[in-house]
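Please keep the sequence and the structure in view while reading.

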Amino acid sequence: MERKLTRDEILDILFDSDAESSSDSDRQLSDSDEETHLPENLSACERSEAPAIPDNAGPASEGAVVEDFHPTWTSDPFSPPDMDFDNTTTGVQGSLTNPSEAECFRLFMNEQLAEQVVEETNRYAHQLKESATIPGKLAKWSKTTVNEIYTFLAAVILMGLVRKRSLKDYWSTDPIIQTSFFSNLFSLDRFQLLLRALHFANNATANFRDPLNKIRSVFTSLMAAFGQMFIPHRDLYIDESLLLWKGRLRFRQYIPSKRKRFGIKLFMLCDGLTGYVLNVIVYTGSSTDITHTPGLGVSGSVVLTLLKPYLGRGHTLYVDNWYTSPSLLHNLLRAKTEACGTVRANRKGMPHFRNKMSSGEADFKSCEEMLAVKWHDKRDVHMLTTVHSAEMSPSGMIDHITGDEKIKPQCVLDYNKKMGAVDKVDMMDSFVGCTRKTLKWWVDALLLTTHFVSLLGISRMRSLQLSNRGRTHADTARSA
């Protein structure tokens, strides 16, 4: 059942989740909240009550209610619970032994999905042709096919590898910049016609109340394929990413700390070992496609929605301070899922620590289910974990003043190591950009998603399949 977001929830999404740091240590050091104000058009939003997971160890169900969590914090030693995890079936699923890049791509963009794109593209091209006063190039339109759509998508992906100033330069006959590969696939007119007519949904039957109605069926199919093709390893992480888009779009985000700054925000669940994308939620404002979990707010609801297929399996989740709270970790633990993350000091249920601490000092508080840590580095860092004990470990770094090796809480070391993989997706995407300036956000979104498939699907599937066949890790990295 849909409901409007509360004032606090909108503040969380618009302001708090957009903070991004340039290093792992900075990622942890954002425990203070700045006072912000809602824009006028959102000021009328009313506060609503919220309490999510039934009292069993299985996955959360829609509409479940979270019990209030009031921990009693002490200085007693904390022993994390033993959580069994079955790693015998992790990795790539499927019977392909040495798949080509094209075979990997078709696992995600399967023929049924391609046929749907063909049908809607032909339908939309016919509508454009009928409505045009002067058909122009549309008069030359001939029905596209599955093979042509696959070739078109391959050309778009390759344009990210071979970067040129404008689209027409790919068909240039100037010997200095000529790339004959593209002209061998399409004429420039045919490529532009396909780009103009590319469509993914029937406008006559579309649900226009859904902000993603233009791409809903294709996006859902791709996300289902991502989840089916790979069973994740024990460690998982959730973070945000931004797809570049500067056009007009009501749920477009402006995030100054991101390099792209303008775009479509994505909440992503990834495998901690490989960086493989398991699930994605597109942020569309108050209509964001999440199952609201009363008592956990928007951030906790995002976590449970993304994790729903993987609860009850013994995974360990790593998240940053926008998501982490004692209530979230309590409910994840009830669903047989451990968690670790930085946390804001003013979160409900957090213990009180010593006020002034010297650099390198740590203070530990525990309850029956989790450990809370305050550690002073350049500034105070607060963490919650159900995975670690109150242990300090050598960091491998030398204090240049004393000459001694620095020690840090083990949870901080593990968090830095695991969350270091968070930017892997953005890093891979930055190497090969295929964004084109268009007036249709859904065209860019699907082309970027297809490009996403090529990066995170083909490369990861190829390397992981080879790894399953006994190749060494170094060989796998070289082949990918």
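## Basis and cysteines

The structure holds 0 disulfides, a disulfide being a pair of cysteine sulfur atoms within 2.5 Å. This is a predicted model, in which local features need pLDDT of at least 70 and side-chain atom pairs count only at pLDDT 80 or more, whereas totals for chains, interfaces and linings use all residues. Residues are numbered from 1 along each chain as its sequence is written, and side-chain values use heavy atoms, with hydrogens and water left out.

Cys 270 has a relative accessible area of 1% and is buried, and Cys 367, with a relative accessible area of 11%, is buried too. Here buried means under 20% relative accessible area, exposed means over 50%, and partly exposed lies in between, calculated with a 1.4 Å probe on protein chains only.

## The nonpolar core

The largest nonpolar core has 106 residues; such a core is a set of buried Ala, Val, Leu, Ile, Met, Phe, Trp, Tyr and Cys residues joined through side-chain atoms within 4.5 Å. The residues with the most contacts inside this core are Phe 152, Phe 191, Ile 238, Leu 307, Leu 317 and Leu 332. Helix H5 (residues 146-161) gives the most to this core, with 9 residues. Helices (H or I, at least four residues) and strands (E, at least two) are DSSP runs, numbered from the N terminus.

Once its neighbours within four places in sequence are set aside, Leu 307 is in contact with Leu 236, Ile 238, Leu 269, Leu 317 and Leu 332, where contact means heavy atoms within 4.5 Å.

Helix H8 (residues 216-228) has 13 residues, which at 1.5 Å a residue should span 18 Å, and its end C-alpha atoms are 18 Å apart, in agreement; the expected span is 1.5 Å times one less than the number of residues. Within H8, Val 218, Phe 219, Leu 222, Met 223, Ala 225 and Phe 226 are buried. Seen down the helix axis, the buried residues of H8 fall within an arc of 160 degrees, so they line one face of the helix; the arc is that of the directions from the axis to the C-beta atoms.

Phe 200 lies in the loop between helix H7 (188-197) and H8, and at 5% relative accessibility it counts as buried. Phe 200 and Ile 215 are 15 residues apart in sequence, and their C-alpha atoms are 5.9 Å apart in space.

What covers the buried residues of H10 includes helix H9 (297-307), strand S7 (316-319), strand S8 (338-342) and strand S11 (380-385).

Lys 336 is in the loop between H10 and S8 and has a positive phi of about 55 degrees although it is not a glycine. Most residues other than glycine have a negative phi. With a relative accessible area of 39%, Lys 336 is partly exposed.

All 5 of the 5 residues of strand S9 (residues 362-366) are buried, so S9 is largely enclosed by the rest of the structure. Both of its faces are covered, with Ala 362, Phe 364 and Ser 366 buried on one side and Asp 363 and Lys 365 buried on the other.

S9 and strand S10 (residues 371-376) run antiparallel and are joined by 5 bridges, two strands being paired if DSSP finds at least two bridges between them. The bridge partner of Ser 366 in S10 is Leu 371, and a hairpin joins S9 to S10 through 4 residues.
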